[in-house]
Amino acid sequence: MRRQAWRVAALVWLCLAGARWHGTLAQARDAFTVREVAPGVFVHFGRMLALDVPGHDDIANIGFIVGSKCVAVIDTGGSSSVGRALRAAIARRTRVPVCYVVNTHVHVDHVLGNIAFKPDRPRFVGHVRLAAAMLRSRAFFLRQYAGDLDQPPSADQLIAPDTPVERELELDLGDRRLRLRAWPIAHTDCDLTVLDEQSGTLWTGDLLFRERLPALDGSASGWLSVIGELGQWNVRRTVPGHGALTGDLGAALSAERRYLLALIDGVRAELERGASMQQAIQRVATAEEPNWLLWDSTHPRNVARLYQQMEWQSDPTN
Amino acid sequence: MRRRLIATVSNGKGAIIMLRRLLSPRLARSPRRPPVMRHPIRVATALLPLLLYGGPSPAIDEAQTPASGAWEYLRQQFYGTRAIGVLDESFMSLEVAANTPDPAATPLNVRFGAAAIGHIRQVRVIIDNNPSPVVSTFEFARGARVAEIGLRVRVDRFTSVRAIAETTDGTLEMRSSWVNASGGCSAPPSAAEGGQLGEIRFRAAGNARSLQVGIRHPNNSGFQIDPVSGEAIAPHFVSHIRLSTAGRTLIDGDTGISLSENPTLRIVSDQALPAPLTVDVIDSKDGHFSASWQGLAAGHAATARATGALGDP
């Protein structure tokens, strides 16, 4: 009976703690902050959380760029409510209309807020492969992230691009031009970067992760070559998909490059010695662990994915 | 005492307790306390903050549901009322990550200890909450010295995963584990799609004691949707895998849609594996694929050929 009483007490405590937690989150949402990192360039920095915990809809760096005639939104967050918070933040800063909503890739934390901008009737802009990628993810989003959509969740809340970028596209915001670049398969198969020439600000989407471990959903070797090319770019500041703003793009890319190289080399070595996927997960690139956040929720998936890709590549072993 | 067995069922009450124990592997391992109440409460309290938050929690609802129906039925069908031992990890163990790195290709190992090697007749893997719970049933040749058998499986939602082995003297052993995952059976083809249907690749470990057999095959579950057309992709899966050497069957398995895309079978022995080792695969459209592993390169060939680790009584 005494044990029973403890259980009840624990339950009550957890209820209260849960309610407080919920309250804190609600406050965080009210205090949705954007930082003006350059004149007319506003960033809301996402939180370092896994994708399956409360607050997971606010983990990506999202924001907007203001021209004299148009605002371009760059990524919209992982829920309709984060999207609306971003829209409200824009309205507090400017009366210039939102003409463009740009998505840097298909992942849930970057696209689910699109629905919030539907009333603005913007052009939705993305990689030429983004629409297909969203179609592929539709069932997964509706099942796994239903709670992040407006209720009841429905497929028409998932807004795909109407303006595809095959390789490059310029958006004119009025006295301000954005240069969009669609990349070959890297982090995903639909990565897109946005460069604001006026301020020298590059938005990499998830081609650049800082602090948070990069998640591989495309091709590790493809990602490395994109990193190689981005590393040549001369920009004043970079807004990564996750993590802090940086003035040193090259250094930020080299940390990511180091991890991806360790991942590729590690998986190749494990395959060559006939190791199982579990053994690979335990051994590959473990020296990198201290350098990154959210290792446990991302690294095993990266290894599993790369292992499955590489085991069918042509190679000399057996 | 190599194993402790749950008491044989002799009356109705015993059957209920046993079933409950079987439903929940954690309970079965701590028989001192009354098993029925502990687990659901623990799950409920652990998940409460998430429930209060009201965010997306597809796996959580299912955690409340006992993962029972499928196993109750299958147990009856395959094993009747025979006792099933569940305790001694040194005899047999099941390795599967509680949080899968990939719901569509969750690696899973059944490992046998020294006392079990050479004394296993059959291993069956069951995923309670999958649309097709029976993943595979592998029969081992008499005396086959299998130390480990590894698969990659689809996990559709929060579930118990179990491996049940039958020994050559007719006793049963089960190990089970919880796996949290979502959507493994309906995930669209992705990680390493395409290739030549039926291509078979071998990866041996340096001492020839382990061999991973990879089969290039979509293993379409029938629950996948073509994202572009919106139509269901028809099931097309590997239904049978056989390993043999010198015309003698060593391992013979029935498989199904719960195996991942590009199914793999990993065999580990406590001795060098015999070579050449032939793999024969049959799929649900009566496709036949076959390949032989010729052993390790010249330097290691002697070791590979020296002993018939699998199958010699």
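# A walk through chains A and B

Begin by selecting Ala38(A), which stands opposite Val41(A) in strand 2 of chain A. Before going on, a word on what is on screen: this is a predicted model, where local features need pLDDT of at least 70, side-chain atom pairs count only at pLDDT 80 or more, and totals for chains, interfaces and linings use all residues. Residues are numbered from 1 along each chain as its sequence is written, chains are lettered from A and ligands numbered from 1 in the order in which they are written, and side-chain values use heavy atoms, with hydrogens and water left out.

**Chain A: the hairpin**

Strands (E, at least two residues) and helices (H or I, at least four) are DSSP runs numbered from the N terminus, and two strands pair if DSSP finds at least two bridges between them. The hairpin has 2 residues between its strands, and Gly40(A) takes a positive phi near 80°.

**Chain A: confidence**

Now colour by pLDDT, the predictor's confidence in each residue, from 0 to 100. Chain A has a mean of 92, with 89% of its residues at 70 or more. Residues 19-28 of chain A fall below 50, and beyond near neighbours in sequence this stretch has 9 contacts in the model; contact means heavy atoms within 4.5 Å. Where pLDDT is low, the predicted coordinates should not be read in detail.

Next, select residues 98-102 of chain A. Strand 5 of chain A pairs with strand 4 (residues 71-74) in the parallel sense over 4 bridges, and Tyr100(A) is the bridge partner of Ala72(A).

Move to residues 295-310 of chain A, helix 8. Its 16 residues reach 21 Å from first C-alpha to last, close to the 22 Å expected at 1.5 Å a residue; the expected span is 1.5 Å times one less than the number of residues. Helix 8 of chain A is largely enclosed by the rest of the structure, because 13 of its 16 residues are buried.

**Chain B: the sheet**

Switch to chain B, which holds 6 helices and 15 strands. Of its 313 residues, 55% count as buried. Look for the open sheet of 9 strands, in the order 1-8-7-4-5-12-11-14-15, with mixed pairing. Strand 1 (84-85) and strand 15 (288-293) of chain B stand at the edges with a single partner strand each, so one side of each has no neighbour in the sheet. Within chain B, strand 7 (residues 159-167) and strand 8 (residues 172-179) run antiparallel, joined by 8 bridges; select Arg162(B) and its bridge partner Ser176(B).

**The cores**

Which residues touch the most other members of the largest nonpolar core? Select Val110(B), Phe112(B), Phe140(B), Ile200(B) and Trp293(B), out of 53 residues. Such a core is a set of buried Ala, Val, Leu, Ile, Met, Phe, Trp, Tyr and Cys residues joined through side-chain atoms within 4.5 Å. Its largest share, 5 residues, comes from strand 6 (residues 146-153) of chain B. Apart from this core lies another of 37 residues, among them Ile227(A), Met277(A), Trp292(A) and Leu306(A).

**Last stop**

Finish at Ala114(B), in the loop between strand 3 (106-112) and strand 4 (120-127) of chain B. Buried or exposed? Ala114(B) is exposed, with a relative accessible area of 69%.

Terms used. Buried means under 20% relative accessible area, exposed over 50%, partly exposed in between (1.4 Å probe, protein chains only).
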